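Biologist: I'm new to this one. Can we go through it slowly, with you telling me what backs each label?

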Amino acid sequence: KELKKLAREGYWAASRALRAQVYHQLIQRVTCRLVTPDALVYRDVASRLFGKLSVSSHPLPEFLEGCSMPTYCLNLEGVTALKKILICVGSLFPDITYSPILPSLVALLLHYSEDEAQCFENISRLIASNAPHTSYIDQSFLAHQASCMTFGDLANKHCPAAHKLIASTSENVFEVYSEWLSWLFHDLPFSYAIRVFDVYLLEGQKVLYRISLALLKQYRLSVASAELEKTDIKADLQAFVQNIAEHMTVDKLLERAFGIRLFSRKEIWLLQMANRKALMERGITMVQSSNGRPPSCRQSFHLAVDMQNFSSSIVTAQEMRIVWSWIPERFALFPPLLLFSTAEDGCSLQRFYACCEGYEPTVLLIKTTEGEVCGAFLSSDWSERKKNGATSGFFGTGECFVFTVRPETERYEWVFIKKPELAKAVPRSRQRSPSPSPTSLLSSPPDGHGTSSNHLTVPMPQRKDRLSPFLAIRHFLLPSKTASMFMSGSREGIIIGGGGGQALSLDANLLWGRTEHCETFDNPPLCQENFRVQLLEVWGFQ
């Protein structure tokens, strides 16, 4: 805690010698693979590779093709050392296939290293780190794209105003977010980048997400929506970061960054792994363009959803585009597929279940006879309801949300997205318990697991064949029974959101519904409280 405080406050920024000493000691503490190249190995390999030849006769590693090479005020000798280190990294780490952040990190480290051999040893330890749920440097196109998607997901949740602005003015939201690491280690001035590096060495990649989110929030505060209508937002963001000193000091940037309440490192790791899995399912695992520039893995909505051929009886293509921008990145890789429509399939709840089972997640759209449009993003398969036997137990994860489209466009997420500190992570010692039965989810905790009968204790499952879902309620000690009533289905109807009311409820004929404030999403009524359904659609992902 003391080290974190010192790093965040810039304690060792005053002395180059102190910072150099701290960097070396911090990196020596990083747990890494048993056989990790050190300074002696570097001297040996460098003498064999270069001998009396100049560095310019050696090409840079293939994994840097198309990547920028920031030098951060290094002189000619420093730039030569930078290239030598990168060439030796390419030689000794053949598994690295794509790593755009690496040149910046080496350049920053060189300023605080005794010599290039020590710099090589330290960067090698960061590359070879094997700490659980932690990564310092993405080393493949797949890992890089997954972290870009993860940043997009976090921006979607933690910077809703900026996300809404970008989604409404940019053809390709993901392309904007794919620059998030470049903002930190390419565009930020040296005096800012090195302070970012201070906290990054100590706290890992989660810190980088925080600081980029803080930059995004500040960008939104600094621009007027009208100014951006004909602006290249990607270039505008880059220029904003390059001139950040005009807007805020580095101390204020870090203060804002650490004021953003993110979920645990493990929870973010789970999201990153889910994004990697989705990319692999799409076959996006390597740079596939001939010019060395990585293709965008999330197509713009115009490509992922054919705007000309998109057809819904409830929303326009433009309205669907807004809903699409709220969906987690790993699902938005896939085009939408109409699963159920009352216009085509009739007003039958059993037919609704039959058409929707086997699809996860789904988007529910409702148009009332008053012309209002609302809906929900539902993270779990409707077949989960069968696991609850005759009870109408709730299921789903914290990625569920409800929304309105007409007359106003607004999204209401799980209450703990904005206040994650209210939901404590389940201690590791209790994460190996078997999966609870649906009835136990809403019961009071056993002895020793809390004092309040209002606490919901949900242990981790035993299943090893799949990753635990991102924001699964079993990862948290929630403060009340009503904090996780995401979705429920029975023969009598469906319910979305609970606690003090239901965000959406529909009868067995899918004709009548009700909406009210609920504690799970902290939403107002999504339309007229008692409404008649004119049309209902459910969309899945191909």
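Predicted model: local features only at pLDDT ≥ 70, side-chain atom pairs only at ≥ 80, totals over all residues.

Biologist: Why is the contact of Arg 411 with Glu 413 called a salt bridge?

Modeller: The label needs a side-chain nitrogen of Lys or Arg within 4 Å of a carboxyl oxygen of Asp or Glu. For Arg 411 and Glu 413 the closest N and O atoms are 3.6 Å apart, so the pair qualifies. Lys 157 is linked with these two in a network of salt bridges.

Biologist: How many salt bridges turn up in the whole structure?

Modeller: A search finds 19. One of the pairs is Arg 8 with Glu 203, at 2.8 Å from N to O. Arg 8 sits in helix H1 (residues 2–8) and Glu 203 in helix H11 (residues 190–203), so the pair ties together parts 195 residues apart in sequence. Helices here are DSSP runs of H or I with at least four residues, strands are runs of E with at least two, and both are numbered from the N terminus.

Biologist: Is Arg 8 buried, partly exposed or exposed, and what about Glu 203?

Modeller: Arg 8 has 28% relative accessibility, so it counts as partly exposed. Glu 203 is buried, because its relative accessible area is 8%.

Biologist: How do you know that strands S4 and S5 pair?

Modeller: Two strands pair if DSSP finds at least two bridges between them. S4 (residues 401–406) and S5 (residues 410–413) are joined by 4 bridges, so they pass, and they run antiparallel. Arg 411 shows up again here, as the bridge partner of Phe 403. A hairpin joins S4 to S5 through 3 residues.

Biologist: What is the expected span of helix H4, and what does H4 reach?

Modeller: The expected span is 1.5 Å times one less than the number of residues. H4 (residues 76–92) has 17 residues, and its reach of 25 Å from first C-alpha to last is close to the expected 24 Å.

Technical notes
Residues numbered from 1 in each chain as written. Heavy atoms only, no water. Buried < 20%, exposed > 50% of the residue type's maximum accessible area, 1.4 Å probe, protein only.
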